[in-house]
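I opened the file to go through its charged side-chain contacts. These are my entries, in the order I made them.

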Amino acid sequence: MLDQAAPDFTLPATGNQTITLSALQGHKVVLYFYPKDSTPGCTTESQQFRDLHADFLAAGAIVLGISRDGLKSHDNFRAKQTLPFDLISDPDETACTLFGVMKMKNMYGKQVRGIERSTFVIDAAGVLRREWRGVKVPGHAQEVLDYIKTL
């Protein structure tokens, strides 16, 4: 998938809008997939993207978070964490499937299907340039920002 056009999707997002990935051409896009709103790792990851958001904007990048949570959950999470970027709702796993982020994971000794924490960078021409899978949260947003600055 790298160095090819990013798979396109149209999904509902916070702020009563619909986001179509291909409509964002002309901007670099950071698309980070996370398992669940308001859980410790996802909250920390979102806060790190929030805290660096001005730097992402200065580098010409749009940041978008995406999970299977519904819009009500996203709106609450976004408000509680004062996130300056939109969250995309993917309850039917449309984008999750396109980007191959659904995995079997162990949770409390049980196998559960869920989102593998992953981040994708798409350049201004709509080409997928970099991916991180199985992301460890500490320092990740800074690493993504450093990469964005090289595009």
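I started with R133, which pairs with E131 in a salt bridge; their closest N and O atoms are 3.0 Å apart. The model is a predicted one. I then looked up the exposure of both partners. R133 is partly exposed at a relative accessible area of 33%, and E131 is partly exposed as well, at 26%.

I ran the search over the whole structure and noted 10 salt bridges.

I turned to K36 and D69. The two form a salt bridge with 3.2 Å between the closest N and O atoms. This pair links distant parts of the chain, 33 residues apart. I placed K36 in the loop between strand 3 (28–33) and helix 1 (40–51), and D69 in the loop between strand 4 (61–67) and helix 3 (71–80).

My last entry is R117 with E45. Their side chains meet in a salt bridge at 2.8 Å, N to O. R117 sits in the loop between strand 7 (110–115) and strand 8 (118–122) while E45 is in helix 1, so this pair ties together parts that lie 72 residues apart in sequence. Are R117 and E45 buried or exposed? I found both R117 and E45 buried.

Conventions
Residues are numbered from 1 along each chain as its sequence is written. This is a predicted model: local features need pLDDT of at least 70, side-chain atom pairs count only at pLDDT 80 or more; totals for chains, interfaces and linings use all residues. Side-chain values use heavy atoms; hydrogens and water are left out. A salt bridge is a side-chain nitrogen of Lys or Arg within 4 Å of a carboxyl oxygen of Asp or Glu. Helices (H or I, at least four residues) and strands (E, at least two) are DSSP runs, numbered from the N terminus. Buried means under 20% relative accessible area, exposed over 50%, partly exposed in between (1.4 Å probe, protein chains only).
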